[in-house]
Amino acid sequence: MSNNQEETLVIVESPAKAKTISKFLGSGYNVEASMGHVIDLPKSKLGVDIEDDYSPQYITIRGKGEILDKLKRAVKKNDRVLLATDPDREGEAISWHLSRALELEEEKPRIVFNEITDEAISRALDAPRSVDKNLVNAQQARRVLDRLVGYKLSPLLWEKVRRGLSAGRVQTVAVKIICEREREIEAFEPDEYWTIDAFLQRDQDEDGEENIEASLHRIDGEKFELSSEDETQKAVEEIKEQDFIVDSVKKRKRRRFPNPPFTTSTLQQRAASIFGFSAKKTMFVAQQLYEGMDIEGEGNVGLISYMRTDSTRVSAEAKKQAAAHIKSEFSDRYYSGKSKKKNDDENVQDAHEAVRPTGVKRTPERIKSDLNRDQYRLYKLIWERFVASQMAPAVYETMTVDIGAGNKYTFRASGSKMLFRGFLRVNTFSKSNLTEIPEVEEGEKLELSELDPEQHFTSPPARYTEASLVKTLEKEGIGRPSTYAPTISTIVDREYVEKEGNKLVPTDLGFTVNDLLVEYFPDVTDVEFTARIEQKLDLIEEGEIKWRTLLDDFYSPFQEKLENAKKNMEKIEYVEETGETCEKCGGDMVVKYGRYGKFVACSNYPDCKNTKPYLDSTGVECPECGEGELVKRKSKKKGKKFFGCSTYPDCEYMLWDKPISHPCPECDGQLVEKYSRKYGEYVKCVDCGYKGDRPEEVTTGQSSEAS
């Protein structure tokens with residue numbers, strides 16, 4: 001790519017990204033990975049000097065010293081250094097920390113690209129810039145703000161509720177949203193209502209009978225409500241005596257436009273809806289697609305643009321690629337030829353483009369053999385959504401038929417048929433359930449074959465899923481694309497929320513902590529207040545306000561509330577029952593928290609000091625002894641996770657991988673969860689070596705993402 005004689009060091013975050021970029025850079029360039037952040041606030045203390053204007057006390061992250069030394073040696077061997085970390089606040093902060101730690105002298109060491117392609121990297125090399133201090137300050141403000149909230153509130157919860165709890169600026173609001181929805185559900189009182197459907201027939205002709213299903217639409221020309229069986233039965237008896245005459249037939253053409261390309265949140269929502277992916281899993285797989293996959297005939301290639309974005313903007317080059325593909329594969333008729341979304345305009349100053357494929361010609365089917373199952377499905381979803389967004393709308397003909405049953409009752413039948421598929425030609429994940437109804441004429445008489453009255457009850461609000469929670473957080477302006485997945489993982493890991501299927505359900509602990517924080521820290525738990533913080537972080541990024549001003553405005557009232565809570569918040573004796581009985585005194589065994597984590601103890605302490613280790617059950621019976629069950633443990637030396645029999649030391653059976661309670665289809669042996677970059681998620685038999693897809697219905701503990 002370059003004819004320069006000088007040697008240039010390019011620093012990125014990950015080895016996978018380094019491998020992909022190296023392919024495009026060629027000779028004269030050396031690429032190294034920082035493995036993410038190398039400098040951060042210490043974990044062991046607050047790390048913020050509040051008295052010194054909130055100065056962060058940065059340190060080299062434990063375990064990153066060797067990496068930093070390696071980078072320092074690489075800097076000395078090269079003539080020039082370029083920082084090519086991700087194009088967002090976190091990436092900018094990593095570059096800033098690296099530039100200081102490596103003592104870089106370059107005036108413009110920063111290069112930014114939204115996708116890992118030859119063209120994008122060439123443009124970035126031609127336009128190096130200085131580290132954007134406004135972006136860095138926005139990241140610092142968020143990092144310090146989150147540290148102040150987390151490191152001040154968490155010890156309070158340890159003291160007032162139990163050890164091991166945490167609070168966070170975004171996670172606390174997420175828990176509140178879930179708790180409020182659960183209370184709406186608990187308080188909900190269903191209302192009864194009834195519907196009446198009529199099954200009608202046209203006169204028989206040479207083509208046979210034609211059936212029409214219509215629903216009672218109006219009574220005496222007005223909207224109605226049938227709220228009891230007696231009222232409904234009276235209407236049924238009256239309707240049976242009436243003639244059914246077609247009052248009106250209305251036909252209209254309607255267009256269905258494609259959705260814009262994915263943002264981070266809409267990608268997470270759609271992947272959850274279609275594939276059941278958690279937000280964490282979606283981002284994990286998307287990261288792999290962005291950083292690069294080994295494609296036959298091409299080598300390592302970045303397949304999608306940067307996946308952390310709230311923009312639907314698309315570059316002119318990407319649109320041109322899509323247009324050429326659409327016209328070639330279908331026809332000019334299928335190409336939309338214009339943008340349909342306001343923020344799809346190239347003049348919008350968004351930080352990133354939408355999530356899209358880096359090359360439209362790289363169709364999902366063409367590269368399917370080079371991707372594992374999860375990578376293929378997510379890439380196909382992204383590719384189809386982008387190409388569809390540039391296509392013409394689908395066109396339908398809708399028909400609405402109003403049918404009078406005497407002068408009092410009006411029934412309505414609706415149907416539609418496809419006239420032009422448009423973007424639906426490519427969007428295989430988009431369903432279009434069309435119901436055609438027979439052609440009828442005004443004044444035509446129809447014969448009643450059946451009346452179907454049906455009782456219904458209004459439904460409570462639905463519990464949140466990961467997808468609907470992400471949608472709500474985005475709508476309310478809580479957090480940013482990069483925070484949704486870790487926020488959900490945290491509230492599940494902290495046991496404030498648990499998953500029941502795909503639903504997020506608050507635990508008793510979640511309610512307890514939420515109620516305390518709502519009472520004593522109304523600002524921290526307020527949706528609008530948290531959204532305003534996000535807006536101010538954006539203003540810092542734009543250079544409109546100072547980052548320390550935001551911290552000062554927040555911290556002074558926060559500190560007052562903290563002191564009040566320390567004095568007045570009641571200590572909660574939160575008890576987590578195990579269902580076990582103490583074999584020494586007959587008391588209830590409960591979960592306790594010590595400095596080394598969970599353990600089980602007698603509730604009659606201190607009179608009875610019986611304790612046991614806490615067993616994190618998988619719900620899988622031990623295949624060795626058949627008496628115990630497999631529980632999650634940690635090795636004593638290195639703390640590595642493994643799964644062993646609950647009857648240990650009587651039974652010493654153990655596995656390094658998580659077991660599932662589904663027998664091997666080949667030998668009935670024990671299956672375990674596995675993951676590889678090549679194959680994605682799969683299961684393997686520890687007895688015969690069988691490999692296959694994860695069974696659809698599996699009894700297991702937490703999902704593999706959460707464990």
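Into which domains is the chain divided? In this predicted model, the division gives domain 1 (8–131), domain 2 (140–188 + 465–568), domain 3 (192–257 + 394–457), domain 4 (264–339 + 351–390) and domain 5 (575–614). Between the C-alpha centres of domain 4 and domain 5 the separation is 52 Å. The C-alpha trace of the whole chain spans about 90 × 80 × 60 Å along its principal axes. Secondary structure comprises 17 helices and 29 strands. Of the 707 residues, 49% count as buried. Among contacts between residues at least 6 apart in sequence, 66% join residues at least 24 apart.

The UniProt record, an unreviewed entry, places a feature named "domain: Toprim" at residues 7–117. This span is 33% helix and 20% strand, and its end C-alpha atoms lie 21 Å apart. Asn78 sits in the loop between helix 2 (65–77) and strand 7 (80–83). With a relative accessibility of 11%, Asn78 counts as buried, because the cut-off for burial is under 20%. The side chain of Asn78 reaches back to the backbone oxygen of Ala74 at 2.7 Å. Beyond residues up to four places away in sequence, Asn78 touches Glu7, Thr8, Leu9 and Asn30.

The unreviewed UniProt entry also lists Tyr306 under "active site". Tyr306 is located in the loop between strand 12 (299–301) and helix 10 (316–329). Its relative accessibility is 0%, so Tyr306 counts as buried. When neighbours within four places in sequence are set aside, the contacts of Tyr306 are Asp86, Pro87, Asp88, Asn114, Tyr290, His352 and Val355. With one of these residues, Asp88, Tyr306 forms a side-chain to side-chain polar contact of 2.5 Å.

Tyr290, a contact of Tyr306, is also among the buried residues of helix 9. Helix 9 (residues 279–291) has 13 residues and reaches 18 Å from its first C-alpha to its last, close to the 18 Å expected at 1.5 Å a residue. The helix is mostly covered, with 11 of its 13 residues buried. These are Ala279, Lys281, Thr282, Met283, Val285, Ala286, Gln287, Gln288, Leu289, Tyr290 and Glu291. Just after helix 9, Gly292 adopts a positive phi of about 130 degrees.

Leu378 makes contact with Thr282, Val285, Ala286 and Leu289, and also with Leu267, Ala271 and Phe275, leaving aside neighbours within four places in sequence. In soluble globular proteins, nonpolar side chains tend to be buried together. The largest nonpolar core here has 121 residues, and Leu378 is among those with the most contacts inside it, together with Phe113, Leu153, Leu303, Ile304 and Phe521. Apart from this core lies another, of 25 residues, which includes Ile196, Ile219, Tyr409 and Leu451.

Helix 5 (residues 133–160) has 28 residues, which should span 40 Å at 1.5 Å a residue; the end C-alpha atoms are 40 Å apart, in agreement with that value. Because 20 of these 28 residues are buried, helix 5 is largely enclosed by the rest of the structure. The N-terminal end of helix 5 is capped by Asp132, a side-chain oxygen of which lies 3.0 Å from the backbone nitrogen of Asn134.

Glu384 is part of helix 12 (residues 373–389). The relative accessible area of Glu384 is 3%, so this residue is buried. Not counting residues up to four places away in sequence, Glu384 touches Val426, Asn427, Thr428 and Phe429.

Phe457 belongs to strand 15 (residues 445–457). At 46% relative accessibility, Phe457 counts as partly exposed, because the value falls between the 20% and 50% cut-offs. Although 266 residues separate Phe457 and Asp191 in sequence, their C-alpha atoms are 5.4 Å apart in space. Asp191 is also in contact with Phe457, as are Pro190, Glu192 and Tyr193, when neighbours within four places in sequence are left aside.

Key:
Residues are numbered from 1 along each chain as its sequence is written. This is a predicted model: local features need pLDDT of at least 70, side-chain atom pairs count only at pLDDT 80 or more; totals for chains, interfaces and linings use all residues. Side-chain values use heavy atoms; hydrogens and water are left out. UniProt positions are given in the numbering used here, feature names are shortened, and annotations may be inferred rather than shown by experiment. Helices (H or I, at least four residues) and strands (E, at least two) are DSSP runs, numbered from the N terminus. The expected span of a helix is 1.5 Å times one less than its number of residues. Buried means under 20% relative accessible area, exposed over 50%, partly exposed in between (1.4 Å probe, protein chains only). A polar contact is a pair of N or O atoms within 3.5 Å; within protein, one must be able to donate a hydrogen and the other to accept it, and residues adjacent in sequence count only if both atoms are side-chain atoms. A nonpolar core is a set of buried Ala, Val, Leu, Ile, Met, Phe, Trp, Tyr and Cys residues joined through side-chain atoms within 4.5 Å. Contact means heavy atoms within 4.5 Å. Domain bounds come from an automatic or database domain assignment.
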